[in-house]
Amino acid sequence: MKRSLIQVGVTYHNGKEGPRSYSARKVLRTGVPYSDWMYGFQNDGIEYEQIAGKEKGKTFVLSLKSFAQWAKGEVKEA
């Protein structure tokens, strides 16, 4: 997914199926500072809540680039 398409309040999925593989993450904030082991301090973090999958209910920060590579599409509300 393109980085420019990632939006606060939207939930994204990883494109996989099944209870052991499917994952969904809701974006809470963008522009979050974080430390990257390779590049040092960065300001393009995505704070998200794990909605489905391993670590459900927890909050994490990931780089915008990594989140965009992980995201395969938006979760459609039923």
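Okay, some housekeeping before we start. The model is predicted: local features need pLDDT of at least 70, side-chain atom pairs count only at pLDDT 80 or more, and totals for chains, interfaces and linings use all residues. Residues are numbered from 1 along each chain as its sequence is written, and side-chain values use heavy atoms, with hydrogens and water left out.

So, the overall picture. If you walk along the sequence, the pattern reads β-β-β-β-α-β. For 78 residues, a compact globule would have a radius of gyration near 12 Å, and this protein agrees, with 12 Å. That radius is taken over C-alpha atoms, and the globule rule is 2.2 Å times the number of residues to the power 0.38. Along the principal axes, the C-alpha atoms fill a box of roughly 35 × 25 × 20 Å.

How much of the protein is buried? Buried residues come to 32% of the 78; the word means under 20% relative accessible area, with exposed being over 50% and partly exposed in between (1.4 Å probe, protein chains only). As for contacts, meaning heavy atoms within 4.5 Å, take those with a separation of 6 or more: 39% of them are between residues 24 or more positions apart.

Now the rings. There are four aromatic pairs in the structure. Rings of Phe, Tyr and Trp (its six-membered ring) pair if their centres lie within 6.5 Å; planes under 30 degrees apart are stacked, over 60 edge-to-face, and the rest tilted. One of the pairs is Tyr 12 with Phe 67, edge-to-face, at 5.8 Å centre to centre and 85 degrees between the planes. That pair ties together distant parts of the chain, since Tyr 12 is in strand S1 and Phe 67 in helix H1 (residues 64–70), 55 residues apart. Both Tyr 12 and Phe 67 are buried.

Another one is Tyr 48 with Phe 60, which is tilted: 5.8 Å between centres, 35 degrees between planes. Here the link runs from strand S3 (residues 40–52), which holds Tyr 48, to strand S4 (residues 59–63), which holds Phe 60, twelve residues apart. Tyr 48 counts as buried because its relative accessible area is 6%, while Phe 60, at 28%, is partly exposed.

Put together, ring pairs join Tyr 12, Tyr 48, Phe 60, Phe 67 and Trp 70 into a cluster. And Trp 70 has a charge over its face: Arg 25 lies there, 4.1 Å from the ring centre. To count, NZ of Lys or CZ of Arg must be within 6 Å of the ring centre and within 35 degrees of the ring normal.

Next, Ser 23. Where does Ser 23 lie? You'll find Ser 23 in the loop between strand S1 (11–13) and strand S2 (24–36). With a relative accessible area of 9%, Ser 23 is buried.

Last stop, Thr 11, over in strand S1. Thr 11 is buried too, at 13% relative accessibility. Leaving aside neighbours within four places in sequence, its contacts include Ala 24, Arg 25, Ile 51 and Val 75.

Definitions and conventions:
Helix = DSSP H or I, 4+ residues; strand = E, 2+ residues; numbered from the N terminus.
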